[in-house]
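Grab a pencil and work through these exercises with the model open beside you. Each task comes with a solution that goes step by step.

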Amino acid sequence: MNSQYIIRDQVREQAFGLRVSALARGAGSVAGRYLQEIRTVKKAASKSTEYARRRNRLMNLMGDDSIAVLAAAPARLRNRDVYYPYRPDSDFFYLSGFQEPDAVLVLVPGRERGEFLLFCRERDPKRELWDGARAGLEGARREHGADDAFPTADLDEIMPGLLEGRRSLFYTMGRQAGFDRRVVSWVERVRGAARSGLRAPEGFISLDGPLHEMRLHKNREEVRILRQASRITVEAHRRAMRACRPGLMEYQLEAELLHEFMRRGARAPAYPSIVGGGANSCVLHYMENAAPLREGDLVLVDAGAEYRGYASDVTRTYPINGRFSKAQRAVYEVVLRAQMEAIDAVRVGAAWRAPHNAAVRALTEGLVELGILRGAPEKLIKQESYKPYFMHSTSHWLGMDVHDVGDYKVDGAWRALEPGMVLTVEPGLYLRPDGKDGARGLDRRWWNIGVRIEDDVVVTQKGPEVLTSGAPRSVEAIQECMADAA
Ligand SMILES: [Mn+2]
């Protein structure tokens, strides 16, 4: 077996989750290789039907006389000649399953010689020896279901011809300035030739509308992947809880999370992990993770794995020494109650804002019970008196992007929750030292207590399905998990 072949097998294994048999791997026997080839193609075919279904749905929404153009995310430099690990653009990946940069996807509904065109890099044995396998034009057709494939270098030559006679061009402006200009130049070329009777696209229509509405509704397979991302994330949070003790650095707790993500096949977190001890627990998007974890403080850990392109997003807050103090426990119980009531509001037909409203009510009532706010909850809610302590929203969509796509309002009103929508539920209270951001008169015993509790929830006919409930959440469950370590 030559190295080229090994590389390709590994890449396919990754892409399709295949386990290559020892036979196929071993001596590189013809039979083994053949078997492997069949299984790869079969698996690839079943995968590409899911992508094909999505493309067909999108083309139906676009209508005849239209064309869609989507560019892959560019590879991004980290410094000098070192690149960040490549992460495909979610829209592009959702429609193609294609994971290489320098690619462009074109959908041409009703085109006789093929509706799905993929422009991509050609095979190049020398480059592949250094950088790894490429699908090439042949792979684009065979493994990714493209009706036709062309080298990316031929875009400017081929695209104007494809735009001719198409009335609406679906292309989302403003993501890649350089590519925007090229798309405009193709349209201009067709317009220039329009005197000869050919029609040019009349305008640009953003793909976001139809495509993001599709992505907002997750099907069974997508929920299955989200469940797996959640399982991995749950294990990582458990591991971090068990490892936590005074004297560790925040990044050492982060290392526990990353270790568990990667060990379980999630090669990267879905977003930079937040590990904030003490005062840092009150910084909403704290990412330095470079301070020591101190005896007597809480630590807030907001971290989620990305698995097969789907994000998990979980926050747990716990005492660094494994035992909640009286004040910490009191605040924690308020946030936990708010979270449970918010989760209970995740119902088919409920307004998007219902979980948030439930959380705000419970948090405000809790702040009154703690003596931090004074007055009638009803009035305090109206005056937004909770805002110095709870300043963010309770939920966001979750999917391929951690803050996933999809409109929160339809025709100016909060949209109703539907089965297959996935959202986070993450109320919090952040009690900073007196005088900061209008939080005046706060008793010293509450200072630097920041608590957020976040889980991922699927809307189903049977009620909310919490994907991440395996991560210890009650005071007792957390203390028990942390005591396990000793
Ligand atoms: Mn979140």
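Predicted model: local features only at pLDDT ≥ 70, side-chain atom pairs only at ≥ 80, totals over all residues.

**Exercise 1. Find which residues of H10 meet which residues of H11, then describe the crossing.**

Start with the residue lists. On the H10 side are Ile232, Glu235, Ala236, Arg239, Ala240 and Ala243, and they meet Leu253, Glu256, Leu257, Glu260 and Phe261 of H11. Contact here asks for C-beta atoms, placed from the backbone, within 7 Å. Helices (H or I, at least four residues) and strands (E, at least two) are DSSP runs, numbered from the N terminus.

The contact of H10 with H11 holds seven nonpolar residues, no polar ones and four charged ones. Ala, Val, Leu, Ile, Met, Phe, Trp, Tyr, Cys and Pro count as nonpolar, Asp, Glu, Lys and Arg as charged, and the others, Gly among them, as polar.

Now the geometry. The axes of H10 (residues 220–243) and H11 (residues 250–263) come within 8 Å and cross at roughly 145°. Axes are lines fitted to C-alpha atoms, for helices over the stretch in contact, with angles from 0 to 180 degrees between N-to-C directions.

Residues are numbered from 1 along each chain as its sequence is written.

**Exercise 2. Work out the strand order of the open sheet of three strands, and what lies across it.**

First, the order: E17-E20-E21, with antiparallel pairing. Pairing takes at least two bridges found by DSSP. The edges are E17 (422–425) and E21 (463–466), each pairing on one side only. From one strand to the next, the twist averages 40°.

Then zoom in on one pair. E17 and E20 (residues 455–460) are joined in the antiparallel sense over four bridges, and Thr424 stands opposite Asp456 in E20.

Finally, look across the strands: helix H12 (residues 326–344) lies over E17, E20 and E21, running at about 160° to E17.

**Exercise 3. Which residues of H9 are buried, and why do they line one face?**

Check H9 (residues 208–216) for burial: Leu211, His212 and Arg215 are buried. The cut-offs are 20 or more other C-beta atoms within 10 Å for buried, 12 or fewer for exposed, and partly exposed in between, with C-beta atoms placed from the backbone. Seen down the axis of H9, the buried residues fall within an arc of 90°, so they line one face of the helix. That arc is taken from the directions from the helix axis to the C-beta atoms.

**Exercise 4. Compare where Arg80 and Asp102 sit, and look at their phi values.**

Most residues other than glycine have a negative phi. Arg80 has a positive phi, near 40°, and Asp102 has one near 60°.

Arg80 sits in the loop between E2 (77–79) and E3 (82–83). With 5 other C-beta atoms within 10 Å, Arg80 is exposed.

Asp102 lies in the loop between H4 and E4 (104–107), and its 15 C-beta neighbours inside 10 Å make Asp102 partly exposed.

Definitions and conventions. Contact = placed C-beta atoms within 7 Å.
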